[in-house]
Amino acid sequence: MNIRISTAGQIIIGDNTFIGENTYITGGRCTIEIGKNCDISHNVTITSGTHEMEPENIRMAGKDICRKIKIDDGVWIGIGSIILPGVIIGNKAVIAAGSVVTKDVPPYSIVGGNPAKIIKKYNTDEKKWEKILR
């Protein structure tokens, strides 16, 4: 299996979590925490590292910074998705294939797109998925 991990920070991966081929986990000195019973598909990028913008310097990408990523239990991340710094993905959330996750994802929700937006939420009282109207 070809999974690349490149970080000076701590990577925590819970029991019974699957990580697909060509997945890349990277990110400076920050912690990346992945819960138990997660399914992370192929070609996913999880990165906690970024740069401050410095418009007065010769390069826009200035000082490197990192922000912790937390992926809670039972999450499913679709093929080719990108999880960006500082994101928290709630329990049993679904990230649709090819999504770019820039903000926190609530538990029991499906997000998709670039940037990812909530598509559906699971109503735990009625035990059914509800489409989110935009």
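At 38% relative accessibility, N43 counts as partly exposed, a class that lies between buried (under 20% relative accessible area) and exposed (over 50%), as judged with a 1.4 Å probe and with protein chains only. The residue N43 is placed in the loop between strand 6 and strand 7, where strands (E, at least two residues) and helices (H or I, at least four residues) are DSSP runs numbered from the N terminus. The phi angle of N43 is near 60 degrees, which is a positive value in a residue other than glycine. Most residues other than glycine have a negative phi, and most peptide bonds are trans.

The structure is a predicted model, in which local features need pLDDT of at least 70 and side-chain atom pairs count only at pLDDT 80 or more, whereas totals for chains, interfaces and linings use all residues. Residues are numbered from 1 along each chain as its sequence is written, and side-chain values use heavy atoms, with hydrogens and water left out.

The protein chain contains 0 helices and 18 strands. For its 134 residues, a compact globule would have a radius of gyration near 14 Å, and the value of 15 Å found for the protein chain agrees with this; the radius is taken over C-alpha atoms, and the globule rule is 2.2 Å times the number of residues to the power 0.38. Along its principal axes, the C-alpha trace spans about 55 × 35 × 20 Å. Of the 134 residues, 34% count as buried. Among contacts (heavy atoms within 4.5 Å) between residues at least 6 apart in sequence, 19% join residues at least 24 apart.

With regard to charge, the protein chain has 17 positive and 14 negative side chains, and the centres of the two sets lie 4 Å apart. In this count Lys and Arg are positive and Asp and Glu negative, while His and the chain ends are not counted; each charge is placed at NZ of Lys, CZ of Arg, CG of Asp or CD of Glu.

A search of the whole structure finds 4 salt bridges, each defined as a side-chain nitrogen of Lys or Arg within 4 Å of a carboxyl oxygen of Asp or Glu. One of them joins the side chains of R29 and D64, with an N to O distance of 3.6 Å. This pair links distant parts of the chain, since R29 is in the loop between strand 4 (23-26) and strand 5 (32-34) and D64 is in strand 9 (residues 61-66), 35 residues apart. R29 is exposed, with a relative accessible area of 56%, whereas D64 is partly exposed at 41%. Another salt bridge is formed by K70 and D72, whose closest N and O atoms are 2.5 Å apart; here K70 is partly exposed at 27% relative accessibility, but D72 counts as buried because its value is 16%. In the salt bridge between E126 and K128, the closest N and O atoms are 3.5 Å apart, and the two residues are partly exposed, E126 at 49% and K128 at 41%.

Several loop residues were also examined. S41 is located in the loop between strand 6 (39-40) and strand 7 (45-47), and S41 counts as buried because its relative accessibility is 17%. When neighbours within four places in sequence are left aside, S41 is in contact with G20, T23, I77, G78 and I79. N22, in the loop between strand 3 (18-19) and strand 4, has a phi near 60 degrees, a positive value in a residue other than glycine, and N22 is partly exposed with a relative accessible area of 40%.

Two prolines complete the description. The peptide bond from N114 to P115 is cis, with omega near -5 degrees, and P115 is found in the loop between strand 16 (109-113) and strand 17 (116-123). P106 lies in the loop between strand 15 (100-101) and strand 16 and is partly exposed at 26% relative accessibility. Apart from neighbours within four places in sequence, P106 is in contact with G90, A93, I118 and K121. The C-alpha atoms of P106 and I95 are separated by 11 Å, the two residues being 11 residues apart along the chain.
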